[in-house]
Amino acid sequence: MPQLQRDEAQTRARQIDVHRYDIALDLTQGDERFGSRTVIHFTARTDGDTFVELRPAELHTATLDGRPLDPATLDDNRLPLTGLTAGPHELQLHATMRYSRTGEGMHRFTDPADGEAYVYTQLFMQDVQRVFAAFDQPDLKAVFALTVQAPENWTVLANGITEHLGEGHWKAAPTPLISTYLVAVAAGPWHSVRTEHAGLPFGIHCRRSLAPHLDADAEEILDLTRRCFDRYHQIFEEPYPFDSYDQAFVPEFNAGAMENPGLVTFRDEFVYRSAVTDTERQTRGMVISHEMAHMWFGDLVTLQWWDDIWLNESFAEYMGYQVLSEATRFTDTWTDFAIARKSWGYDADQRPSTHPVAPAPEDVPDTASALLNFDGISYAKGASALRQLVAWLGEKDFLAGINDHFARHRFGNATLADFIDSLARATHRDVHTWAARWLRTTGVDTLTPVVGDTDGHWNLTVEQTGSPDGTRPHRLTVGLYDPDPHTPGRLVARTPLTLDVPDDPAHTGTGRRPALLLLNDQDLTYAKVRLDPASWDTALAALSGLPDPLTRAVVWNAARDMVRDGELAPTAYLDAARAHLPHETDLAILQGVLAFARTQIADRYLTPTARHTALTTLTALSRDILRRTEGPEHGTAAGLRLTAVRAFIDSATTPEGIQDWLDDGSVPGGPHLDPELRWRILGRLATLGAAPTAELHATIDAELTRDPSATGREGAARCRAALPDPAAKQAAWDALFTTDEDTALSNYLFTATATGFWAPEHHDLLRPYVARYFAEAPGLAAARGPALAEAAGRYAFPATFVDEETLHLGETCLTDRNPTPALRRKLTDQLDDLRRALRVRTTTAGTPDAGTPDAGTPAAGTNGAGTNGAGTNGAPTGAPTGSPTGSPTGMPH
């Protein structure tokens with residue numbers, strides 16, 4: 001499909017003004033297709049030619065000012081409009097469109113739990129043309145008036161308040177001026193909870209089979225929504241600009257959520273049907289807050305072209321965390337950001353595919369290249385830069401600049417230059433230079449302390465490497481800590497320092513130097529930090545004794561970066577986790593550290609031989625947490641225990657223990673097994689080949705009968721793909737790589753199957769599929785589009801085959817097979833991660849500490865929790881689960 005070029009969009013924006021769309025959708029035409037009629041009212045500024053975008057199954061008629069156009073002139077997704085004269089015009093198009101199964105355009109889903117069907121739109125970037133005809137670029141805003149014909153028992157939701165006119169006919173209130181990609185429809189037999197706040201109707205909606213779970217959390221979701229809404233009105237002078245606020249939790253959604261004005265769509269995994277930790281509830285709250293921020297950042301004021309996507313995402317990311325921490329019970333959001341989100345930005349910024357937060361216009365020439373920038377840089381790095389800007393500028397001036405920006409560009413479009421000009425009017429600081437150094441550059445700085453201690457004085461100098469000419473400015477806090485004289489293993493804080501690097505990077509103190517000097521305490525800037533040798537010794541001895549979880553997160557991130565950079569042995573990181581995680585009270589830290597240890601260290605950075613020892617270490621750690629959390633399940637302890645139970649399951653090296661849990665339906669001491677835990681255990685048992693294949697198939701079928709939900713169907717697909725059986729692997733492969741529209745997997749079933757397929761335990765069985773992946777993935781991506789291309793590059797990639805052969809096959813694929821832009825980006829990133837894993841294995845092989853003082857063995861003061869490697873106490877095997885939040889699939893838009 002032709003991609004819209006930036007210069008084409010600029011030309012068209014000079015040619016025409018678009019005023020109004022009248023859209024009529026008919027959702028009663030069956031399971032595969034729907035009807036779409038569009039009337040576009042626009043004005044041509046000059047005589048000339050242009051085009052409108054549409055991707056129909058069939059274009060029936062098209063007329064311009066009553067003059068028929070030939071449908072045969074539709075060239076892929078472009079219908080030429082030739083001979084336009086200056087003045088007003090009316091374009092009418094009647095088409096039949098295809099429903100999607102990949103979460104793009106108009107996605108249709110049939111709930112296996114009750115057979116009910118649901119449809120919703122995701123029109124981001126260039127998918128509006130899958131639903132109705134449009135001049136599809138963000139700077140041609142218009143009013144959208146929508147009518148929908150739906151089955152009689154359905155409810156239709158849209159950007160504006162909808163009215164049922166009878167016999168399945170619905171009408172939505174016309175929108176204010178918005179961009180094409182923000183139009184939204186969600187239709188089906190929704191279960192709804194409605195209320196009113198600040199004079200506006202609020203609603204939350206989900207499919208009927210999830211109704212009990214939504215009802216259980218409805219007050220929490222609505223309370224978070226109200227609190228964030230009120231807080232935004234305290235800090236923004238411009239009021240909420242739309243007529244209602246609905247939040248629909250929809251099935252098989254690719255992103256975390258989408259900021260459609262008045263109708264935010266969320267992935268319906270946020271309607272929890274099984275137990276979750278409080279940190280996971282906080283994540284849901286952050287996404288609610290993030291999407292609400294978009295009502296101003298993105299919807300009220302919209303980027304002019306996709307090179308300024310940071311004006312949407314970085315701001316919504318920053319405001320999402322900040323407002324949630326200010327307005328709700330979730331006051332430690334920045335710890336979760338540090339441990340689970342920021343690493344996504346650091347990793348992306350160290351790959352060949354890195355780009356500036358605000359790339360140059362010439363670097364985003366079309367929509368395909370723009371789509372690649374929805375990554376850890378536009379979200380996590382951009383939000384980190386804004387947090388640093390607030391620390392440097394002050395919140396008062398920052399908010400003054402934002403409010404000036406809204407006032408000057410409301411219901412219009414804006415650029416980076418526009419925003420920086422608004423900030424400059426609010427402060428005496430040189431924000432233009434700040435923006436050039438932070439937003440137009442790439443890469444991660446590294447800040448290293450040089451500490452001296454002589455003649456009753458100690459001194460600190462911060463060395464900066466990584467940024468262009470060493471000039472990226474950092475305002476950072478330096479934490480100073482000493483052992484608590486009353487409590488062994490605990491640290492107490494001195495008054496911290498504030499330094500500006502590189503302008504004022506040094507400090508001299510009197511008396512004894514602190515036992516621990518921590519750069520970037522409170523995580524106010526975006527940089528990798530290192531610890532001096534004495535501080536590292538202190539951290540190893542008393543990391544869990546640091547009083548603030550955000551401080552602990554900074555230390556853990558430093559250790560993570562050192563492992564990735566080959567400066568700390570992966571086994572040393574595991575030893576630190578073994579020593580300190582049993583005493584960790586913050587759920588975000590526990591989940592994030594365990595995820596890195598399990599998915600990166602065990603599966604990628606250690607050799608297959610060392611992997612078993614790593615899992616044993618993590619098993620012992622999980623057992624310690626389970627022992628510590630015995631007793632009534634509530635609050636943080638319940639979350640810690642649930643995390644340990646998941647850990648115990650995910651990397652069991654034998655069926656013993658977890659098989660008993662499945663048979664009993666409960667973990668000794670709790671919790672009872674809910675559907676998520678049952679599928680998790682069954683997936684691990686399948687991977688381990690805990691029984692003959694036929695018996696495991698029967699067990700999977702029985703569990704699917706017990707849980708016939710969409711989530712159950714995904715669990716069964718994952719388990720079947722995980723079986724160590726040649727026929728099962730071939731069947732999974734055939735399902736993954738078919739391009740036949742009638743039999744191809746939906747986006748969620750594809751992901752479930754792929755994640756079950758590549759088990760590290762099955763390397764001998766899977767080796768032939770590595771070459772097949774690189775041969776077949778490009779064709780799949782080309783046939784099924786960007787969403788499946790991204791999934792194929794992320795989940796179907798043979799990530800645990802860390803060897804030169806895989807690297808060679810991947811590089812050859814990039815050179816010879818011309819993968820689509822979305823797949824090329826994922827392959828580029830995956831191959832860079834593979835090279836890093838190979839370097840880590842080579843650099844740290846056989847060295848307990850990789851040159852870092854005392855990194856191999858935790859020091860005293862850990863209450864006897866430390867071991868030097870393998871687990872002890874005869875603990876059953878097990879390991880931590882999952883990956884930290886912030887993967888692109890789960891990210892909010």
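Select Asp803 to begin: this residue is buried, with a relative accessible area of 18%. Here buried means under 20% relative accessible area, exposed means over 50%, and partly exposed lies in between, using a 1.4 Å probe and protein chains only. The model is predicted, so local features need pLDDT of at least 70 and side-chain atom pairs count only at pLDDT 80 or more, whereas totals for chains, interfaces and linings use all residues. Residues are numbered from 1 along each chain as its sequence is written, and side-chain values use heavy atoms, with hydrogens and water left out.

**First stop: Arg767 and Asp803**

A salt bridge is a side-chain nitrogen of Lys or Arg within 4 Å of a carboxyl oxygen of Asp or Glu. Arg767 lies in helix α23 (residues 763-784), while Asp803 lies in the loop between α24 (786-794) and α25 (804-816), so the pair links distant parts of the chain, 36 residues apart. Arg767 is partly exposed, at 31% relative accessibility. Helices are DSSP runs of H or I with at least four residues, numbered from the N terminus.

**Second stop: Asp349 and Lys381**

Select Asp349 and Lys381 next. They form a salt bridge whose closest N and O atoms are 2.8 Å apart. Asp349 belongs to helix α5 (residues 333-349) and Lys381 to helix α7 (residues 377-393); the pair therefore ties together parts that are 32 residues apart in sequence. Asp349 is buried at 3% relative accessible area, and Lys381 is buried at 0%.

Move to Asp624 and Arg578, whose side chains meet in a salt bridge (2.3 Å, N to O). Asp624 is in helix α15 (residues 608-628) and Arg578 in helix α13 (residues 570-580), 46 residues apart. Both residues are buried.

Select Lys528, Arg530, Asp565, Glu567 and Arg836 together; a network of salt bridges links them. The count for the model comes to 60 salt bridges.

**Last stop: the nonpolar cores**

A nonpolar core is a set of buried Ala, Val, Leu, Ile, Met, Phe, Trp, Tyr and Cys residues joined through side-chain atoms within 4.5 Å. The largest has 278 residues, and Phe398 and Tyr773 have the most contacts inside it. Helix α14 (residues 587-605) gives the most to this core, with 11 residues. A second, separate core of 10 residues includes Leu682, Leu696, Ala722 and Leu723.

Technical notes:
Helix = DSSP H or I, 4+ residues; strand = E, 2+ residues; numbered from the N terminus.
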